[in-house]
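Trainee: I would like a close look at one part of this chain. Please set it against the whole first.

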Amino acid sequence: YANRTGSSNCARCDPGTYSVIENGVGAVNCTMCKAGHIAATRGLASCTKCPVGTHVADYHRALMQTECTDCEPGRYQHRLAQTNCTACEPGRATASYRSTACTACDAGYYVPSYIGPGGGASLQTECVACEAGRVQPNVGTEACHDCAAGKFANRTASTACRTCPINTYNDDASGQFTSNHFFCAKCDAGKSTVGAAGATECTDCDFGHASVSGSDCAICDAG
């Protein structure tokens, strides 16, 4: 370009800018690349779109657009020539740089959406297994659910709660357990669930019957 009359030579545009010949008139000055575009070297006649998985911040007079920046883990960009990357939606995550999409968490997993130490939302970079006592049957979720009373999940990453076996119980109202049901307790001696599974409490054995812990009530023998 030449922005003065009587110039003895043409200058080259700086990185982050470009020039073109219009209507047969030589380039008079250089133009900054528009948002989402870069010019990495001097003397370019056009700017390049940032590829998917990257972005370049909207231009500022003090900051020439010379290179695209990869999306950080927890963010993605599936379009060309963008000025920012998008945070993963609830229930989705990515641990990679330059991601073009976030992956839905499998059943039995979740990705928490919470406020980070600085007060902003924490980026979702990985899915977390449901704790024992909690389950998630669906994909792409941001939380796991407690098992109901009478049910349990004794493994992490469970997709469904299991029913407490006969002569065991799990009572959410009991002070013996937290709300995360990861096991069922045996009925105390002298009690049973009367043949029922999924009990939330045990019942005293009838007169003339007895039981040891975790067993059916049995008739006492004569003598």
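What share of the 223 residues in the protein chain is made up of buried residues? Then please take me through Ser 211 and its surroundings.

Mentor: This is a predicted model, where local features need pLDDT of at least 70, side-chain atom pairs count only at pLDDT 80 or more, and totals for chains, interfaces and linings use all residues. Numbering runs from 1 along each chain as its sequence is written, and side-chain values use heavy atoms, without hydrogens or water.

Your number first. Buried residues account for 29% of the 223. Buried means under 20% relative accessible area, exposed over 50%, and partly exposed in between (1.4 Å probe, protein chains only). The accessible surface of the chain is about 13,400 Å² (Shrake-Rupley method, 1.4 Å probe). Carbon and sulfur atoms supply 50% of that surface.

Now the fold elements. The chain has 22 strands and zero helices. Both are DSSP runs numbered from the N terminus: strands are E runs of at least two residues, helices H or I runs of at least four. Contacts (heavy atoms within 4.5 Å) tell of sequence range. Of those between residues at least 6 apart in sequence, 48% join residues at least 24 apart.

On to Ser 211. Ser 211 sits in the loop between β21 (209-210) and β22 (218-219). Its relative accessible area is 13%, so Ser 211 is buried. Leaving out residues up to four places away in sequence, Ser 211 touches Asp 188, Ala 189, Gly 190, Lys 191, Cys 205, Asp 216 and Cys 217.

Lys 191 forms a salt bridge with Asp 204, with the closest N and O atoms 2.6 Å apart. That pair links distant parts of the chain: Asp 204 is in strand β20 (residues 203-204), Lys 191 in strand β19 (residues 191-192), 13 residues apart. A salt bridge here is a Lys or Arg side-chain nitrogen within 4 Å of an Asp or Glu carboxyl oxygen. Lys 191 counts as partly exposed because its relative accessibility is 25%.

The whole structure holds five salt bridges. Another one of them joins the side chains of Arg 134 and Asp 146 at 2.8 Å, N to O. Arg 134 lies in strand β13 (residues 134-135) and Asp 146 in strand β14, twelve residues apart. Arg 134 is partly exposed at 22%; Asp 146 is partly exposed at 34%.

Arg 42 and Asp 14 also meet in a salt bridge, 2.8 Å from N to O. Arg 42 is in the loop between β3 (37-38) and β4 (48-49), Asp 14 in the segment before β1 (17-18), and 28 residues separate them. Arg 42 is partly exposed at 41%, and Asp 14 is partly exposed at 39%.

Last, the rings. The structure holds one aromatic pair. The rings of Phe 182 and Phe 183 have centres 4.9 Å apart and planes at 50°, so the pair is tilted. Phe, Tyr and Trp rings (for Trp, the six-membered one) pair if centres lie within 6.5 Å; planes under 30 degrees apart are stacked, over 60 edge-to-face, the rest tilted. Phe 182 is partly exposed at 40%, and Phe 183 is partly exposed at 33%.
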